[in-house]
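Colleague: Could you take me through how the helices pack in this one, and then what sits around the ligand?
Modeller: Gladly, let us look at it together.

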Amino acid sequence: MSIIVEHLVKKYGTQTAVNDVSFQLKKGEVVGFLGPNGAGKSTTLKMITGYLQPDSGNVQVAGVDMLQNPIAAKRKIGYLPEANPLYLDMYVKEYLNFIAKVHQLDNIPNRIDQVVELVGLGPEKGKKLQQLSKGYKQRAGLAAALIHEPEVLILDEPTSGLDPNQIVEIRNVIKEQGKNKTVLFSSHILQEVEAVCSRILILNKGVLKTDQSIIEKMESADTQALIKISFKEIIEPQWLLRLPSVTTAEKDKKNVWHITTADLDVTRKELMALALNENFTIISMETGSLDLENTFREMTK
Ligand SMILES: Nc1ncnc2c1ncn2[C@@H]1O[C@H](COP(=O)(O)OP(=O)(O)OP(=O)(O)O)[C@@H](O)[C@H]1O
């Protein structure tokens with residue numbers, strides 16, 4: 001595992017910003033950390049990267065315990081914080097040279113050339129950081145995060161405040177990096193996470209709501225539809241699961257069921273026939289899609 005997060009808790013005064021969050025990231029995964037403003041994403045990322053001490057819980061990065069061995073653990077991580085902390089008076093190469101020295105790297109000029117190429121900073125590499133556009137500043141931050149060839153890349157809202165072209169460019173850099181690194185990046189833009197990640201973690205009010213593969217989700221969204229049905233009577237799941245077209249049936253509230261199906265029309269008819277034959281009363285029946293947006297809204301209500 002590249003990242004193991006176990007029961008992380010962080011309180012600010014009486015507010016619990018992160019509440020018992022646990023997850024694991026496998027080597028090579030690109031994972032989106034999604035949640036509305038104030039959900040606790042940055043706080044969680046700061047604890048994973050060792051910039052903030054958790055009140056309780058553990059973090060391991062590439063097998064190294066962050067609390068017991070923070071220097072070794074931090075070496076494994078490239079971190080781009082939300083407020084990209086650049087020394088704006090420095091030239092691009094001067095800044096990267098400074099960061100490379102902090103990491104005590106060998107053959108620094110070569111490595112700088114490599115990261116400049118990697119993040120597409122070439123055309124701007126002769127400028128001062130303060131002269132760069134926001135998109136290029138972000139690339140400089142990414143170059144600094146990548147210079148020591150970390151196994152794990154952690155990016156806190158890397159595309160926030162960028163224009164649409166810059167967003168696409170930064171996303172491409174992230175995708176490219178995801179080919180040989182574990183990447184965890186936060187965003188509150190669902191489409192972005194969908195475009196870049198193979199997996200999604202949804203955080204709401206400090207609590208992890210779901211940890212599901214986007215690919216699975218999208219595959220099921222393509223083929224499955226959702227019916228929300230409410231009966232007057234309390235019925236057993238078997239009644240629904242026995243219907244030939246029903247894939248899953250889960251109880252929401254006492255008499256309300258969420259049913260997934262590959263064939264909406266057939267299931268509707270089967271539900272009507274069931275009600276007729278068994279003398280059940282259907283109070284309401286709604287249909288919806290199982291897409292990610294619905295999931296996100298459900299999870300962060
Ligand atoms: N240093 C701090 N002192 C007090 N409260 C804080 C501090 N940092 C964060 N918080 C609070 O903790 C909660 C979680 O904040 P956090 O920045 O982790 O959320 P987030 O999901 O990253 O939000 P955003 O998407 O807006 O960046 C918020 O309610 C925030 O106001």
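Colleague: What hand does the crossing of α3 and α5 have?
Modeller: In this predicted model, α3 passes α5 in a right-handed crossing. The axes of α3, residues 92-102, and α5, residues 134-146, come within 9 Å and cross at roughly 25 degrees, so the two helices are roughly parallel to each other.

Colleague: And which residues of α3 and α5 meet there?
Modeller: From α3 there are V92, Y95, L96 and I99, and they meet A140, A143 and A144 in α5. Sorted by class, this contact of α3 with α5 has 7 nonpolar residues, with no polar and no charged ones.

Colleague: OK, α5 and α6 next: at what angle do they pack?
Modeller: The angle between α5 and α6, the latter covering residues 164-177, is about 15 degrees, and their axes are 10 Å apart. An angle under 35 degrees counts as roughly parallel, and therefore α5 is roughly parallel to α6. The crossing of α5 and α6 is right-handed.

Colleague: Which residues make up that one, and how do they divide by class?
Modeller: K134, G135, Q138 and L142 in α5 meet Q166, E169, I170 and V173 in α6, and by class the contact has 3 nonpolar, 3 polar and 2 charged residues.

Colleague: Back to α3, then. How does α3 pack with α4?
Modeller: Here α3 and α4, residues 108-118, have axes 10 Å apart and an angle of about 120 degrees, which makes α3 oblique to α4. The crossing in which α3 passes α4 is right-handed. On the α3 side the contact is made by K93, L96, N97, A100 and K101, and on the α4 side by I108, R111, I112 and V115; these residues divide into 5 nonpolar, 1 polar and 3 charged.

Colleague: Changing topic: which residues are around the ligand?
Modeller: The residues around the ligand are Y12, A17, G35, N37, G38, A39, G40, K41, S42, T43, E82 and H188. Divided by class, this shell has 3 nonpolar, 7 polar and 2 charged residues.

Colleague: Which helix gives the most to that shell?
Modeller: That is α1, residues 41-48, which gives the shell 3 residues.

How values were computed. Residues numbered from 1 in each chain as written. Predicted model: local features only at pLDDT ≥ 70, side-chain atom pairs only at ≥ 80, totals over all residues. Near = placed C-beta within 6 Å. Helix = DSSP H or I, 4+ residues; strand = E, 2+ residues; numbered from the N terminus. Nonpolar A, V, L, I, M, F, W, Y, C, P; charged D, E, K, R; others polar. Axes fitted to C-alpha atoms, helices over the stretch in contact; angles between N-to-C directions. Parallel < 35°, antiparallel > 145°, perpendicular 65-115°, else oblique. Left-handed = near helix turned anticlockwise from the far one by under 90°. Contact = placed C-beta atoms within 7 Å.
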